[in-house]
Amino acid sequence: MINKKYLNISEVSKILQIEEYKIRYWDSVDPKTNKYRIEGISTKSKGGTRYFNKENIKKLEKLKSILYDGKNHIYSIKLADKILS
């Protein structure tokens, strides 16, 4: 992994092999509940730019493995959030 304190979304996308749009979706607010779909995925600057530290990246790795790992596909992001919490 790169030895910077914070990485941007394109760096994280390349490292974890997750498309940027998926990371943005997971890190967005659900209009039905007005809550983040998955809490604590990124750190945002005042301008709204997403940055990712080691803890954020670990959480993304876990989320990716829950949703996409092997033959046990779990398609529900709500279920994945409960497992992460």
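## Close-up views of a predicted model

**View 1. Asp27 is a buried residue, with a relative accessible area of 3%.** In this predicted model, the side chains of Arg50 and Asp27 meet in a salt bridge at 2.6 Å, N to O. Arg50 lies in strand E5 and Asp27 in the loop between H2 and E2, so this pair ties together parts 23 residues apart in sequence. Arg50, like Asp27, is buried.

**View 2. Lys44 joins Asp27 in a salt bridge as well, at 3.4 Å, N to O.** Here the pair links distant parts of the chain, with Lys44 in strand E4, 17 residues apart from Asp27. Lys44 counts as partly exposed, at 35% relative accessibility. Through shared partners, salt bridges join Asp27, Lys44 and Arg50 into one network.

**View 3. Three strands make an open, antiparallel sheet in the order E1-E5-E4.** The edge strands, E1 (7-8) and E4 (43-44), each pair on one side only. Between E4 and E5 (residues 50-52) there are 2 bridges, and Arg50 in E5 is the bridge partner of Lys44. Helix H3 (residues 54-68) lies across E1, E4 and E5, at about 90° to E5.

**View 4. Asn53 sits in the loop between E5 and H3.** Asn53 is buried, with a relative accessible area of 15%. Its side chain reaches the backbone nitrogen of Glu55 at 3.1 Å. Beyond its neighbours within four places in sequence, Asn53 is in contact with Lys5, Tyr6 and Thr43.

**View 5. Within helix H2 (residues 20-26), Glu20 and Arg24 lie 4 residues apart, about one turn of the helix.** Their side chains meet in a salt bridge at 2.8 Å, N to O. Glu20 is partly exposed at 26% relative accessibility, and Arg24 is partly exposed at 34%.

Conventions
Residues are numbered from 1 along each chain as its sequence is written. This is a predicted model: local features need pLDDT of at least 70, side-chain atom pairs count only at pLDDT 80 or more; totals for chains, interfaces and linings use all residues. Side-chain values use heavy atoms; hydrogens and water are left out. Two strands pair if DSSP finds at least two bridges between them. Contact means heavy atoms within 4.5 Å. Axes are lines fitted to C-alpha atoms, for helices over the stretch in contact, and angles run from 0 to 180 degrees between N-to-C directions. Buried means under 20% relative accessible area, exposed over 50%, partly exposed in between (1.4 Å probe, protein chains only). A polar contact is a pair of N or O atoms within 3.5 Å; within protein, one must be able to donate a hydrogen and the other to accept it, and residues adjacent in sequence count only if both atoms are side-chain atoms. A salt bridge is a side-chain nitrogen of Lys or Arg within 4 Å of a carboxyl oxygen of Asp or Glu.
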